[in-house]
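Here's a structure to look through together.

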Amino acid sequence: MIALDDVTIAYGTGPRAVVAVRNLSLAVPEGEAVGLVGESGSGKSTVLRAIAGLIPHAAGEITLAGRRVDRRRTTAERKTTQMVFQDPYGSLHPNQTVDQILALPVAIHRLDRGEARIVQALAEVGLGREHRYRYPHQLSGGQRQRVAIARALILEPRILLLDEPTSALDVSVQAEILNLLARLRRDHGLTLLMVSHDLAVIAHLCERIGVMSNGLLVEITTATAMASNAVTHDYTRELLRSNAGFDRSSAMG
Amino acid sequence: MSETLLAVRNLRVTYPGDDGEVRAVRNVSFTLGRERLGIVGESGSGKSTTGRAIMGLVGRPGRIEADELRLGDTDLRGLSERGFRKLRGRRIAMVLQDPKYSLDPVMSVGQQIAETHRSHLRSTQRDARRAALEMLQAVHIRDPERVYTMYPHQISGGMGQRVMIAMMLIAGPDILIADEPTSALDVTVQTQVLAILDELVRRRGMGLILISHNLHLVSAFCDRVLVMYGGQVLETCAAGKLAEARHPYTRGLLAALPRLGHRRAELPQLQRDPAWMADTA
């Protein structure tokens, strides 16, 4: 469903170009959930942005749902791939109601049954009629993230890209959103590519996990292997160690 | 139990609202010795407001009241802004979440650290500079001379937070309040910053209040943990024994955390009981 072949992504051109992702190859079959972990600046969000067509890639091939894509996408290609961003406070238009936010993609893609789609999308993410005419500032963080997910789902995408979808949320709300994503994936047969710095969150939702460091995909492993510490790359080990939390004995050494 | 550095009894912070007063913090009591105390809770639980109340940083129209609020032998109730300014930095200091917003963007980091030293200890420029360089070394910054002259936008988040810690500790306070000190940092850097904090607080025999939403972090780092909800302390646990927490809220939060190697089809969602909002005292 998602195939990246030797993809290199750079910001800027010429001698001042910064190569953010180098020679990355990754395949995600239909219906699978794959996670990308790594620290800030490792290039994991850049990969998502290139797949979503928000930034161009400098070299290599990106194939989505069997079609080789470029930065310039047809409307149909854009409909296939939708993205949910980290910060639900920043990704919703502050002056538009939930209804307007959800109506926009329907209008852009000239879809029929707009009314029915909005009602259904809200119901699917667990929001009621009372939320439909509210502005983002009248919603909690978790509710806003639900709106962002509804906005992505309303186009019936086959691929959902998730960029740290729960890291701005409280633990109890994070659990609700993770459960929602798992259910939506099951119900719609979605293919997920998710980025997070939290290994436990990634391992909860994804079968396979790619580890990125300095723009390189250093290792592809599984949630099970991570849990049993059966990883090969040094960087992955370090990540696992930090993820285990603060440990006085190791911190002192 | 060591001497009491800070005593808080029945702390209340209220804000006037449209429908009567909003009680952001209520019935909060604890004492702090030379130890690490953690305060955990979700957004809006009152954990940060508690920290700010101790620092005298609750602005109007918010109101701080307490039956007892004592720092050593100083009564903090009704202390003037002038009085607080003498205490802040010198006897009690605070590290905030994001160094990007808490450092002065137009002053080199070294000067900022030295300024604290000069204003509290009335030291000469040269002494303050030397102390600032030593402090940068103490927070494990490799090339203090070079970093001294750098501006906040030129340093990374982890380095920024170490600079913050250096600035907060330079005047030798007895108590450090760290409000989400590592939440804006990468996981790999978080551990380093915590280790530095731990080392300095131990070596100087300070009292530390660590405020965080991260249960695991707090339980690994602190000696004692207060769990806050709706402005109140619901439960106090010995940190290593968080797994044995009794309150349904604490247990619910722990259960809702995804864990590596314990994959569940569905995470148990927290069911909030209205009874948790009832006054505990």
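How far apart should the ends of helix α5 (residues 125-138) of chain B be? This helix has 14 residues, and at 1.5 Å a residue it should span 20 Å; the C-alpha atoms at its ends are 20 Å apart, so expectation and model agree. Keep in mind that the model is a predicted one.

Now look around the helix. In α5(B), the buried residues are B:A128, B:A131, B:A132, B:M135 and B:L136. These cover an arc of only 140 degrees around the axis, so they sit on the same side of α5(B). What do they pack against? Their partners are α4 (109-121), α6 (144-148) and α7 (157-169) of chain B. After α5(B) comes B:H140, and its phi is positive, near 65 degrees.

Over in chain A, there's an open sheet of six strands with mixed pairing, in the order β6-β7-β8-β3-β9-β10. Two of the strands, β6 (81-84) and β10 (216-222), stand at the edges; each has a single partner strand, so one of its sides has no neighbour in the sheet. Direction ignored, neighbouring strands are turned by 20 degrees against each other on average.

A:T81 has A:I159 in β7(A) as its bridge partner. The sheet has a helix packed on it too: α9 (residues 234-243) of chain A touches β3 (33-37), β9 (208-213) and β10 of chain A. The direction of this helix makes about 105 degrees with that of β9(A).

Finally, let's see where the chains meet. The contact takes 28 residues from chain A and 27 residues from chain B. On the chain B side, the elements giving two or more residues are α8 (187-203), α9 (215-221) and α10 (248-256) of chain B. Which of the elements gives the most? That's α8(B), with seven residues.

And what kinds of residues does chain B bring to chain A?

| Kind of residue, chain B side | Number |
|---|---|
| nonpolar | 13 residues |
| polar | eight residues |

Conventions: Residues numbered from 1 in each chain as written. Chains lettered and ligands numbered in written order. Predicted model: local features only at pLDDT ≥ 70, side-chain atom pairs only at ≥ 80, totals over all residues. Pairing = 2+ DSSP bridges. Helix = DSSP H or I, 4+ residues; strand = E, 2+ residues; numbered from the N terminus. Axes fitted to C-alpha atoms, helices over the stretch in contact; angles between N-to-C directions. Contact = placed C-beta atoms within 7 Å. Nonpolar A, V, L, I, M, F, W, Y, C, P; charged D, E, K, R; others polar. Expected span 1.5 Å × (residues − 1). Buried ≥ 20, exposed ≤ 12 C-beta atoms within 10 Å, placed from the backbone. Arc of directions from axis to C-beta.
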